[in-house]
Structures are given as C-alpha cells and as structure tokens.
Amino acid sequence: MKLVVFNVKSGLSVYLEFSSKKILYDIGSSEDFCPAIDFLLPLYKKRNAAKNTKHNKFAMDQIIISHPHDDHISSIKNYYKHFYPTLLTTPNDNDGLPDKAKVNWELIKNRKTEYVKYLREEVLPGRIPPLRSSDYHLDIFYIPAKDCEKSSDLKKENYGNNLTITVYIQFNGHKILFMGDLMKDGSSYLINKNSKFYNSLQNGVDFLITPHHGLRSSFPVDLFSAMKNGKTKRLNIVSEKPSSDESRNVDGRYSDPDYCGGINNLSSSDKPVYQRKTSNGHIYIDCRQHEPDIKLIRNNDELIKEFL
C-alpha cells in the first residue's frame, strides 16, 4: 500500500493504492497544486492507464468525497474532466439512499458555490452513489444526516462537517484513519453510536489524518481515549495552511507523546517525531514493508516516480 497526503494548503486530498485498487479521498486543491492536473493526470499518462470505455476517461476504483465543503472539492471539475470513478461515495440526497442519510442542502453554508453546484448538477445526476467502500480492507463510517441535523448531542452549526465520511483502512497490519472534517462532538457521537467504529479504534491506529485540519476547535479527546494505548502508533498528519488567525492554529497535542508513539523512520532516539504538516510538503507513506517508509516530498515529479 502506498499513499500520499497532498500539500493543498488548508484543503485536503489523499491518494492511495493497494491490492490493485486506486482510491482518492477528497479532492481539495490550492493555488499552486491541483491533485488531478499536477499528479494524477501525468501519473496515469505515464502508466498508459486504462480508460473507461463509455466515458473515455481514466478509470479509478473509487473517489470518496468526505463532505461537500469547498476546501475538500475545489478540484472536482478538473478531476471529472479526466477521470471517472467506478464508485462515487459522498453524502448526497439522490434516490436510493434511505431518508435518514439524505443531505439537507439548506444547512450546507456553501451550497451555492460553483463547486457544490458542479457536484450536484454534473456529478451526482445519473448515479446512485451508495455509502459503501470498494474493498473489504476499507471501512467507511458516517453519522446519518438526520442525526447531524436533529440530535441534541450534536451542534447544528457543525452540520456540514459532521456529515463527514470517515475511513478506516487495515492492510497488511497497517492501520490508517481518515477523519475528514469531523468535529469533536461528531467524533464522540460516532464512537458511542457505532460499535464497529469503536472496535476499529480499539484495534489501533498507526496513522491519523487529523480531523478538521488539526484545528484546536476540533481536537477529539474521546477519539484518542478510544484508541488502543490511547494514542496513534506512528504519526499524526495535519493538512493545514499556516495562518496568523489564532482560530486556525493547529492543536499542539498532535505533536505530544501522550497522543502519538512516534514509531516512524523520521524519528531518532534524541528527536522523536509525532506530527507532520503538509505545509512542509506532500507526505508520502510506503507501507509495502513491515516498517512504513515516510517521506516529505516537495517536487511533483519526484512524487510521481514513487508511484511508477
């Protein structure tokens, strides 16, 4: 298994490959890096990858759009211009979903932006995207939309973020947790209401893609408490953009030994590493061996070579 958490400033996008599967989690971009154009397209061209015959676009097994906020879908037009996923997994309101899982778009604050309009008008029509995964190694979890809207345990202003599709991958002994923008009230709710999610945490987490860009307002104490040993084993990964706005500061606990074991190749005996931020570069993880190899990569061509 290989994966990369892209440097897309305050957005999020992660690409991973395992068991011949090719999966994208979120499709955020920045002003100087677009995952679809600057990484995926040249990679697939160099591979002479297969195309979907009906749509004449490069085939991908699955795209998971964690929730419909702009910083997680800002590259969606470029992606769908060149790629067609077999399975589209995203919160939606299409026919085929149970009513409790259908999004109330009136509560999505950015519902009128060009990205959300494109998602609703160009991507979702004609598809019935079930909230499921494309591989048994990958589990998805989510809070039903009606719960996000009406539960007294969840803050209504967190509705859009708490729709997040959370992903837990366990492959060849490596365990990775993608939390999207799930808020701390949402984390607690999911832990208490979903026994399979709780049991996954009890099984352990090696790498955590931190919730809501690692912001202080979203630090999930209950999430760590539910984890095996009360911490991640290897590394906490933060997708963030440095800011002078204190409300955008990353919570320092992600770089604390109380919340991460720091068992990774970036650590040394005198300088353990518990956290890495994408503002320093794309974070590439190679899990094909027992001890994962982690690299910070700033050059796009170098990153592409890691997947060839």
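**Exercise 1.** Is His137 buried or exposed?

*Solution.* The model is a predicted one. Start with the position: His137 sits in the loop between helix 4 (114-123) and strand 7. Next take the cut-off, under 20% relative accessible area for a buried residue. His137 has 15% relative accessibility, so it counts as buried. Then look at the surroundings. Leaving aside neighbours within four places in sequence, His137 is in contact with Phe18, Ser19, Tyr168, Ile169, Gln170 and Phe171. Its side chain also makes a polar contact of 3.3 Å with the side chain of Tyr136.

**Exercise 2.** Find out why helix 7 (residues 184-193) can be called largely enclosed by the rest of the structure.

*Solution.* List the buried residues of helix 7: Asp185, Gly186, Ser187, Ser188, Tyr189, Leu190 and Ile191. These are seven of the ten residues in the helix, so helix 7 is largely enclosed by the rest of the structure. Finally, identify the cover. The elements over these buried residues include strand 7 (138-141), helix 5 (145-150), helix 6 (159-162), strand 8 (166-171), helix 8 (195-203) and helix 9 (221-226).

**Exercise 3.** How many salt bridges does the structure hold? Describe the pairs formed by Glu106, Lys196 and Glu291.

*Solution.* The structure holds ten salt bridges.

- Glu106 pairs with Arg111, with the closest N and O atoms 3.6 Å apart. Glu106 is exposed at 58% relative accessibility, and Arg111 is partly exposed at 24%.
- Lys196 meets Asp139 at 3.3 Å, N to O. Lys196 lies in helix 8 and Asp139 in strand 7, so the pair ties together parts 57 residues apart in sequence. Lys196 is partly exposed, at 47%.
- Glu291 pairs with Arg234, the closest N and O atoms being 3.0 Å apart. Glu291 is in the loop between strand 13 (282-286) and strand 14 (293-297), while Arg234 is in the loop between helix 9 and strand 11 (235-238). Glu291 is partly exposed at 43%, whereas Arg234 is buried at 3%.

Terms used
Residues are numbered from 1 along each chain as its sequence is written. This is a predicted model: local features need pLDDT of at least 70, side-chain atom pairs count only at pLDDT 80 or more; totals for chains, interfaces and linings use all residues. Side-chain values use heavy atoms; hydrogens and water are left out. Buried means under 20% relative accessible area, exposed over 50%, partly exposed in between (1.4 Å probe, protein chains only). Helices (H or I, at least four residues) and strands (E, at least two) are DSSP runs, numbered from the N terminus. Contact means heavy atoms within 4.5 Å. A polar contact is a pair of N or O atoms within 3.5 Å; within protein, one must be able to donate a hydrogen and the other to accept it, and residues adjacent in sequence count only if both atoms are side-chain atoms. A salt bridge is a side-chain nitrogen of Lys or Arg within 4 Å of a carboxyl oxygen of Asp or Glu.
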